[in-house]
Structures are given as C-alpha cells and as structure tokens.
Amino acid sequence: MIEFRPDELKWQAILNEIRRRIREGQYQPGHPIPGEPRLAEEFGVARGTARRVINELLESGEVYSIHGKGTFVAVLKDDERQAGKQ
C-alpha cells in the first residue's frame, strides 16, 4: 500500500502509482491491470475510488476495456513512447 500525502487526493495518488507501474513496465501493454475490487483492496479505498482511477485511465487512452474480460494496458504508439521518456 502507498502512503497518501494529506495534500493529495487518494484517487490522484493511485492514478499516479498505476501510471508509474505502466511506465516502468510492471503492467505490460496488452496485459490486464487489476480490477476495481483488487485496486480497492490493495490501496485501502472504496470501489468508487478505484473506479474513478480506471475511468481516468480509460479516458486518457492509457488502458482499454473488453467487456467480460477486463481492462488492459494500451499499446502506445512510438511517438507517445518517446514523449514519455523525456
């Protein structure tokens, strides 16, 4: 579990952690990320908070969802991959 700073929203801290895991390759493109129940349990937050994190990732295109299968890390285009390294 991560330490939440008092001046940081929990969903934002979790979002930043998931983005870090994607960037560092802990969650590989095309592979699933943990679902709402698992994120809520891991970070000690409500499922609604976990849902908001996943929705933010979906809206930004960092992940995609397949109904009945889960949520998966999107494959970044070369341009996006290079921008993330700067």
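How exposed is arginine 51, in terms of its relative accessibility? At 38% relative accessibility, arginine 51 counts as partly exposed, a class that lies between buried (under 20% relative accessible area) and exposed (over 50%), with a 1.4 Å probe and protein chains only.

The model is a predicted one, in which local features need pLDDT of at least 70 and side-chain atom pairs count only at pLDDT 80 or more, while totals for chains, interfaces and linings use all residues. Residues are numbered from 1 along each chain as its sequence is written, and side-chain values use heavy atoms, with hydrogens and water left out.

Side chains of opposite charge can pair when their charged atoms come close. With a salt bridge taken as a side-chain nitrogen of Lys or Arg within 4 Å of a carboxyl oxygen of Asp or Glu, the count comes to nine salt bridges.

One of them joins arginine 51 to glutamate 36, with the closest N and O atoms 3.3 Å apart. This pair links distant parts of the chain, since glutamate 36 belongs to helix H2 (residues 36-43) and arginine 51 to helix H3, 15 residues apart; helices here are DSSP runs of H or I with at least four residues, strands are runs of E with at least two, and both are numbered from the N terminus. Glutamate 36 is buried, its relative accessible area being 17%.

A salt bridge also connects glutamate 62 and arginine 19, at 2.9 Å from N to O. Because glutamate 62 sits in the loop between helix H3 (47-60) and strand S1 (63-66) while arginine 19 lies in helix H1 (residues 10-23), the pair ties together parts that are 43 residues apart in sequence.
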